Amino acid sequence: MSKKQKTHEPLFHIAKRDSLPWYYSWAIRIIAIILALMVSALLTLFLTDENPISIFSTMIDGAFGSSRRIWNLLQNIAILLCVSLALTPAFKMRFWNIGGEGQVLIGGLATAACMICLGGKIPNTLLILLMIISSIAAGAIWAVIPAIFKAKYNTNETLFTLMMNYVGIQLVSYFVNIWEVPKGSGTIGIINQTNQEGWLPVIGEYDYLLNVIVVLVITVLMYLYLKYSKHGYEISVVGESENTAKYIGINVKKVIIRTMLLSGAVCGIAGLLLVGGTNHTITTTTANNRGFTAIMVSWLAKFNPIYMIFTTFLLVFLERGANEISTVFRLNQSFSDIITGIILFFIIGSEFFINYQIKFHTRKEVK
Amino acid sequence: MVTSTAIITLIQRAILQGIPILYGSTGEILTEKSGNLNLGIPGIMYVGGISGVIGAFLYEESLRDGGTVNAFLAVFIPMICTIIGSLLMGLIYCFLTVTLRANQNVTGLAMTTFGVGFGNFFGASLVSLTDSDIPSVALTKTSAYFRVTLPFAETTGWFGKVFLSYGFMTYLAIIIAVLCAIFLKRTKGGLHLRAVGENPATADAAGINVERSKYLATCIGSIIAGLGGLFYVMDYANGVWSNEGFGDRGWLAIALVIFAIWKPDFAIFGSILFGGLYIVYLFIPGLALSTQELFKMLPYIVTIIVLIIVSARNKRENQPPGYLGLPYFREER
Amino acid sequence: MSNPLAIELKGVTKVFGQVVANKDVDLQVRKGEILAILGENGSGKTTLMNMLSGIYYPDEGQIFVNGEEVVIKSPKDSFKYKIGMIHQHFKLVDVFSATENIVLGVNDNEKYNIKQAKKRVQKIIEKYGFEINLDSKIYEMSVSEKQTVEIIKVLYRGADILILDEPTAVLTPQETSKLFGILRRMREDNKAIIIITHKLHEVLELTDRVSVLRKGEYIGTVETKDATEQSLTEMMVGKKISLNIERPDPVNPKDRLIVKNITATNSDGREVIKDISFTARSGEILGIAGIAGSGQRELLESIAGLHHLSDGEILYMTGGETVNLRDKSPTQIRDLGVRLSFVPEDRLGMGLVGNMDIIDNMMLRSYKKGNSVFLDRKKPKDLAESIIKSLEVVTPNATTPVRRLSGGNVQKVLVGREIASNPKVLMVAYPVRGLDINSSYTIYNLLTKQKENGVAIIFVGEDLDVLIELCDRIMVINSGRITGIVDGRTAVKEEIGILMTQDSKEEKNNE
């Protein structure tokens with residue numbers, strides 16, 4: 001028996017895990033987050049010489065420190081969650097809709113257009129109704145274009161939806177220039193500031209309560225849709241196996257188009273909430289990269305709307321907290337992006353240890 | 001009247017606009033040929049840019065007490081910093097997607113978040129170090145060496161202006177793109193790399209180390225893309241770093257990959273066309289500011305059209321690499 | 001006989017879990033010889049050869065190459081010993097040219113020069129008389145051309161020992177005779193060639209010796225000149241083994257499904273089923289026998305509305321009514337009230353969704369029922385629980401993803417679901433593949449019970465013993481054509497074996 005070949009045998013090999021109890025997989029994720037926070041704290045320590053405790057307490061203070069901050073946190077969670085929910089049905093179908101940014105913006109643009117062009121000319125209720133319809137329609141159209149080409153020619157949806165973002169951004173930029181107030185400022189200022197035409201109603205004294213409620217309703221509806229509706233079931237089957245979908249007679253093209261219409265429509269609602277319910281203006285950065293962040297939120301939550309509440313919270317908390325760190329310790333705003341990036345790297349990496357296991361070779365003698 | 005000088009200026013500006021995009025997309029083509037769809041390119045270009053700026057900044061600082069600028073160091077230090085910075089980014093991406101088999105889209109987007117944040121953070125930190133009023137860092141001394149044009153640029157009329165009036169990194173970008181094209185088309189390494197992106201199982205069976213190929217292509221691709229960031233600051237922007245100044249050029253680079261149907265030689269002309277489309281509004285008289293914004297859509301619209309045509313014609317050579325975006329796991333059946 | 005041995009296997013055994021794929025196999029191949037490895041599906045031919053090509057590693061036994069004992073742990077090792085295998089599934093890059101595929105991965109430390117490489121490839125082509133355009137892309141090629149590329153690829157790497165896994169399965173008779181010409185030239189060139197096949201006349205026409213495997217065991221080796229179709233078939237299928245499967249007589253059979261002259265092509269445009277006509281009757285099990293890939297899958301998929309027919313019709317008859325199923329989608333077929341169930345070959349890739357739990361998999365067929373936008377999980381849950389109970393499915397509970405179940409339990413879930421819809425026609429493809437004895441009998445009993453309930457059953461199988469004991473009639477197909485329909489009660493194994501392996505050319509001669 002020749003022995004020299006033994007050097008070829010790898011020390012370990014990687015195998016797919018069959019299953020893992022839920023607590024084990026969550027433990028891995030939590031360890032990843034803790035490690036990431038420690039790295040972030042070290043980084044902050046290095047840049048500011050503050051002790052880690054005060055860094056974390058600053059983060060918490062930044063997120064929860066006052067009722068104003070809590071409302072800000074909730075508002076940001078609501079919008080990000082809304083976009084994440086929108087993208088989720090597409091992802092479950094294995095359709096990489098990374099065009100959330102553009103779909104949100106176009107929804108917001110349609111809202112702003114209604115507010116600017118019709119504000120004061122028709123009753124406010126009718127205006128708001130029109131805003132809702134047009135924002136949903138605009139988002140849906142923006143999303144369905146790539147879907148149609150995917151269904152017809154199998155055009156790569158990742159790249160198509162990505163490009164649609166920038167077309168959307170330039171379109172907004174165009175209208176901002178047309179509508180700019182005052183002329184030459186390059187922005188449109190607060191729309192209908194005096195009469196508040198088209199502003200979504202404020203519930204009680206809480207500016208953002210309406211947004212939070214709307215998004216909570218969408219969360220529940222989306223959860224029910226994906227888990228309990230026939231459409232949701234079809235989405236899962238198409239995503240898992242196109243062969244099975246054909247075997248049981250699902251029209252795959254129809255499902256792709258229908259799902260993207262829904263995905264875009266919910267993005268449109270996010271745009272409506274941003275423009276009509278929060279900012280009352282629109283710029284090219286209104287969506288604030290949420291279309292991209294939402295991809296990570298949805299993916300981290302394993303496309304489960306309820307888990308998404310937590311992943312959204314995590315990301316928004318990090319962002320607000322890191323913002324606070326940068327203000328308090330006189331670092332600049334972008335620091336939060338670095339922290340977010342680091343934590344994402346850790347969480348993304350941790351998925352490996354959930355899905356795979358490393359098997360060490362026990363050398364088996366061959367007779 | 002459209003004068004010849006206007007046309008010459010348009011070409012010059014188009015090339016200058018196009019070069020950072022060319023770097024980005026050459027790097028991304030190399031990466032995608034290995035099957036990795038790296039959506040972190042915009043972030044990597046930011047990191048490449050700021051790393052070079054940090055290098056140049058430190059070098060200029062070291063000369064504060066009246067040293068003379070050494071031409072070699074002025075170019076070498078920023079470049080090596082850029083290479084290190086973008087290489088590290090490439091390694092992070094590879095470790096997550098190749099070794100840990102993470103989802104490429106999610107990883108790429110996280111890299112972009114991180115990279116843009118990294119660029120802007122250190123950019124702003126440098127600004128605060130200089131105590132200046134304007135929110136930017138100016139590295140004019142080192143930048144000057146990046147902007148040295150070829151001889152005869154001034155004396156050969158239109159020819160000099162169109163072909164000779166750029167800094168060395170412009171030519172470097174074209175040389176790299178040509179080399180990549182030759183590498184992919186005419187070398188064994190290129191053949192092996194393309195096989196990895198098209199069908200990793202086949203490549204694996206033929207004895208090609210899939211993981212190693214992916215790491216190499218992606219890391220070298222990242223370095224090339226990072227140089228695009230460096231070019232933007234040191235040449236195009238005259239050594240002035242301002243936050244967000246780089247804009248969405250990283251995404252344009254990814255668009256150009258599609259436009260060039262994954263061919264670096266096509267990307268050279270594509271980048272000039274993209275650059276031209278990006279600024280053509282400046283050369284059309286009487287355009288309203290708003291209409292100019294519509295013109296800026298052109299590169300993206302053109303890309304979408306190319307994407308649709310390519311998929312509708314379904315010609316096999318023009319499709320994205322077969323395993324683009326998918327992880328490879330040998331034991332998966 | 002003076003030729004030295006190229007390869008010798010001694011006592012090779014390979015076990016996958018519970019299944020013994022190869023048991024104590026000895027094999028010898030000489031230089032300048034063509035050896036056939038003959039055996040039915042699942043007899044372990046491919047597994048054995050994969051141990052030579054470095055895909056599997058033997059659990060026991062020794063391998064000798066040119067008289068020296070070797071260890072082959074990877075395809076790379078296999079190349080090192082100049083062994084080249086041409087798999088059934090080609091490993092080629094579609095968008096590359098033939099030359100590019102041939103030189104892929106070869107590390108000859110030479111500067112890459114496609115023209116030089118092409119010249120070298122050209123020499124091989126001329127030497128053995130291949131016909132191929134080296135500049136065409138793989139995706140433009142026919143199956144036979146792709147196979148040629150694979151063979152040249154192996155030769156380009158200097159292989160002296162070639163293993164071909166069912167090379168003629170995808171070829172036309174003309175292409176086959178061309179291939180044989182080339183193989184003969186290689187034999188003259190003193191190469192050792194192993195060809196895996198179950199086509200007897202090819203064995204007789206081409207080879208020097210034949211080694212026969214049956215159910216993983218080595219049966220023996222004979223000189224081809226001493227063999228006949230009869231003797232080889234006997235070695236291949238063996239003596240009849242009694243399985244004691246219960247087979248009640250059909251009660252009051254009526255025509256349920258009439259298939260008339262159907263023809264269909266695959267995506268390459270090759271005809272995969274040709275002019276097939278048969279009738280499936282209620283209360284009867286119609287077996288379909290044939291070598292794997294003879295058109296069984298396409299036939300069932302055509303009936304289920306998943307495969308387009310280029311000709312013919314499929315008539316479904318109940319109580320005097322007749323429905324033509326041709327060009328109907330699965331949904332349309334269901335909406336027409338046709339009660340057709342189908343257990344496909346690919347259980348987790350088609351019949352079930354691996355990541356979904358048993359309840360959700362129950363719904364695949366029925367979820368559309370009713371006008372509600374929401375799913376009704378109550379009935380599927382009851383169904384899942386009743387199937388788990390009645391078929392003794394081993395699972396923690398009904399909410400376990402099916403991919404976590406063992407093969408037998410997966411199949412019980414699938415068959416259980418398909419039977420639950422009270423079909424009039426039930427099609428099953430390889431329902432016991434990979435199952436242990438007990439699970440297999442559970443499936444046989446289920447099918448027999450359905451038959452007693454008056455269902456028309458179409459059973460595609462690979463084990464002839466099972467087909468003979470279970471089925472009332474057995475239809476044999478070969479290369480997409482029917483070569484015979486025999487009575488299950490009087491059928492003889494060898495007779496079916498010959499019907500399975502004779503090819504269409506012979507069939508015409510016989511007529």
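This is a predicted model: local features need pLDDT of at least 70, side-chain atom pairs count only at pLDDT 80 or more; totals for chains, interfaces and linings use all residues.
Helices (H or I, at least four residues) and strands (E, at least two) are DSSP runs, numbered from the N terminus.

**Chain A as a whole**

- Chain A has 13 helices and 2 strands, and its C-alpha trace spans about 90 × 60 × 35 Å along the principal axes.
- Of the 367 residues of chain A, 50% count as buried; a residue is buried if 20 or more other C-beta atoms, placed from the backbone, lie within 10 Å of its own, exposed if 12 or fewer, and partly exposed in between.
- Among the contacts in chain A with a separation of 6 or more, 78% come from residues 24 or more positions apart, where two residues are in contact if their C-beta atoms, placed from the backbone, lie within 7 Å.

- Two packed helices are described by the angle between their axes and the distance between the axes; the axes are lines fitted to C-alpha atoms, for helices over the stretch in contact, and angles run from 0 to 180 degrees between N-to-C directions.
- In chain A, helix H5 (residues 124-153) packs with helix H6 (residues 157-179) at an angle of about 150 degrees, and their axes are 10 Å apart.
- H5(A) and H6(A) are therefore roughly antiparallel to each other, given that angles under 35 degrees count as roughly parallel, over 145 as roughly antiparallel, 65 to 115 as roughly perpendicular and the rest as oblique.
- The contact draws on A:Trp142, A:Ile145, A:Pro146, A:Phe149 and A:Lys150 of H5(A), together with A:Glu157, A:Phe160, A:Thr161, A:Met164 and A:Gly168 of H6(A).
- By class, this contact of H5(A) with H6(A) has 6 nonpolar, 2 polar and 2 charged residues, where Ala, Val, Leu, Ile, Met, Phe, Trp, Tyr, Cys and Pro count as nonpolar, Asp, Glu, Lys and Arg as charged, and the others, Gly among them, as polar.
- In chain B, helix H11 (residues 249-259) and helix H14 (residues 298-313) pack at an angle of about 35 degrees, with their axes 9 Å apart.
- B:Leu252, B:Ala255, B:Ile258 and B:Phe259 in H11(B) meet residues of H14(B) that include B:Pro299, B:Tyr300 and B:Val302, and the contact divides into 9 nonpolar, 1 polar and no charged residues.

**Strands and sheets in chain C**

- Strands of a sheet pair through backbone hydrogen bonds, either parallel or antiparallel, and two strands are said to pair here if DSSP finds at least two bridges between them.
- Strand E1 (residues 5-16) of chain C runs antiparallel to strand E2 (residues 19-30) of chain C, and 8 bridges join them; C:Phe16 has C:Val19 as its bridge partner in E2(C).
- E1(C) also pairs in the antiparallel sense with strand E4 (residues 60-65) of chain C, over 5 bridges.
- Elsewhere in chain C, 4 strands form an open sheet with antiparallel pairing, in the order E12-E11-E14-E15, and its edge strands, E12 (271-281) and E15 (321-324), each pair on one side only.
- Within chain C, strand E11 (residues 255-265) and strand E14 (residues 311-318) run antiparallel and are joined by 5 bridges, with C:Leu257 standing opposite C:Tyr316 in E14(C).
- Helix H9 (residues 296-303) of chain C lies across E11, E12 and E14 of chain C, and runs at about 60 degrees to E12(C).

**A loop residue in chain C**

- C:Val170 has its place in the loop between strand E7 (161-165) and helix H6 (173-188) of chain C, and is partly exposed, with 18 other C-beta atoms within 10 Å.
- C:Val170 and C:Arg270 are 100 residues apart in sequence and 9.6 Å apart in space, C-alpha to C-alpha.

**Where the chains meet**

- Chain A and chain C touch through 20 residues from chain A and 24 residues from chain C, and the largest share of the side of chain A, 5 residues, comes from H8(A).
- In the contact between chains A and B, 39 residues of chain A are in contact with 44 residues of chain B, and the side of chain A divides into 24 nonpolar, 12 polar and 3 charged residues.

Definitions and conventions:
Residues are numbered from 1 along each chain as its sequence is written. Chains are lettered from A and ligands numbered from 1 in the order in which they are written.
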